[in-house]
Amino acid sequence: MEAVLKNLSSTAELLAVAARSSVVEQWDKQTLSRAFHWARYCEHLFSRFHNNTTINRVMGKQLELTNESLRAVFPGYTDICFSDLFQCQHLLLIGLLKNPDLPISIMKILFDTASPVNNQQSDYLDVTGFCSHIIQCKSACKVLSPLTDLSGADVEVQGAVLMERLEDLLSGGGEACRTEHIVNSFLQEGEGASGHFCLVIAAALLTRNNSAAAAAQTASQDCLLDWLQKEQNVLQQMCSALPTTLIIDLAKRHLKCRDAYCDVLKKWASSMEYSMSEGEWVQANTNRTVSFQRLTEHFLALFAACPSLREDVEKELNVLNISDGDFDVRGLSVWGDLLSAINK
C-alpha cells in the first residue's frame, strides 16, 4: 500500500505540473505517453477501490497531504480528491490544454488525427470524445454548426485552443512577432493538410465566448485576422477550399474578413485571361484556383450576404472595365464580363 500511495501522490503532482508549470515546455512524446499511463493507473485505482471505504479513506488522506504541499508551490491550485480519480486522463488533458507553456509539438500530438491520439487502444485520449468538456473549459465557447458537419468536433476544439493561447499571450502583453509565431507554429502542418487548418482558422474566427471574455476574444480574433491578411497564400487557400456558406459566415461576422474576401475575388479576376479554345476566362497560372463561373458565384453570394457592399464593388469593377476600353464585347475585359454575369 505504501508504494500505491506514493504513486498516487506522484500522479497528483504530475497533474499540477501539467496544468501550471513551464516544465511542460521540455516534454516530448515519450513524456506525454508516461503521463497518460499514470493517469490511467489512478483511474484503475478508483475502479478497484471506490467501494472499499477503508482504502478510500486512506487514499483520500494521502491526497489531502499532497494537496497541501501543492498549494504551497502553485498559487491558485485546485485540490484533487479520491472521487476525481475516475477522470484522471480527462484532468490531465484539460490541464495541458490550459497551460500557456504547452509546446506546439505536444499540442500537435494531442490533435494529430493520424497519431495514436484517436486510437482507443492508445496511450492518449480520444480528444474528440472529450470535446464538450474541453469547450466547457474554454469559457463555454460555441462555434457555428457547419464546422461540425464538415470535419467533426476536433476542428472546433483546435479553434478554441488557438483562441485561448492567443488570449493568454495578448493578456500578458505579448509582442506581435511572438503572436505571429504562435499562429504560424500552430497552423504549420505537412503537405496535404492545408484544408483542415483552413477549417481550424474558420473555427477560431467563428468562436463565440461569454460576455465576460468578449473583449479578450475580440482582440485575439483581430490578431488572427491581421495575420491572415499578411498571409495571402493562406487567405486564398481558405477562399478556395472552404464552402462558400462558411466563408460568408466569416464575412458577416468580421468586417476585415469581408474586405479580405472581396480583395481575393478581385485578385482572382485580375489573374484571368480569355481562352479562345475554351471560350471562357481562365486563370493564367497552371494551378487554377477558381473558374469564371465559380468566381461569379462567389461575388453573388457575397452581395447577397452584404448588400451594402454591392454598389461600391460594382463601381470599382466598372472603373476597371473602363480602363480596359469599356468594350461591349465578350472576352475583351474580365471586369466587363464579370459585371454582365453578376447583373444577369
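In the hairpin formed by β1 and β2, four residues sit between the strands, and glycine 279 takes a positive phi near 65 degrees. Strands here are DSSP runs of E with at least two residues, while helices are runs of H or I with at least four, and both are numbered from the N terminus. The model is a predicted one, so local features need pLDDT of at least 70 and side-chain atom pairs count only at pLDDT 80 or more, whereas totals for chains, interfaces and linings use all residues. Residues are numbered from 1 along each chain as its sequence is written, and side-chain values use heavy atoms, with hydrogens and water left out.

Strand β1 (residues 272–275) pairs with strand β2 (residues 280–283) in the antiparallel sense, over four bridges; pairing calls for at least two bridges found by DSSP. Across the pair, tyrosine 274 stands opposite tryptophan 281 in β2.

Next come the helices. Helix α13 (residues 244–253) is largely enclosed by the rest of the structure, because seven of its 10 residues are buried. Buried means under 20% relative accessible area, exposed means over 50%, and partly exposed falls in between (1.4 Å probe, protein chains only). Threonine 244, which belongs to α13, is one of the buried ones, at a relative accessible area of 14%. Setting aside neighbours within four places in sequence, threonine 244 is in contact with Tyr261, Arg294, His298 and Ala301, where contact means heavy atoms within 4.5 Å.

Helix α12 (residues 232–241) holds glutamine 236, which is buried too, with a relative accessible area of 16%. Its side chain makes a polar contact of 3.1 Å with the side chain of tryptophan 268. A polar contact is a pair of N or O atoms within 3.5 Å; within protein, one must be able to donate a hydrogen and the other to accept it, and residues adjacent in sequence count only if both atoms are side-chain atoms. Beyond four places in sequence, glutamine 236 is in contact with Val264, Lys267 and Trp268.

What about the nonpolar side chains? In the largest nonpolar core, of 52 residues, Leu224, Leu242, Leu295 and Leu302 touch the most other members. Such a core is a set of buried Ala, Val, Leu, Ile, Met, Phe, Trp, Tyr and Cys residues joined through side-chain atoms within 4.5 Å. Another core, of 39 residues, lies apart from this one and has Ala12, Leu32, Leu63 and Tyr77 among its members.
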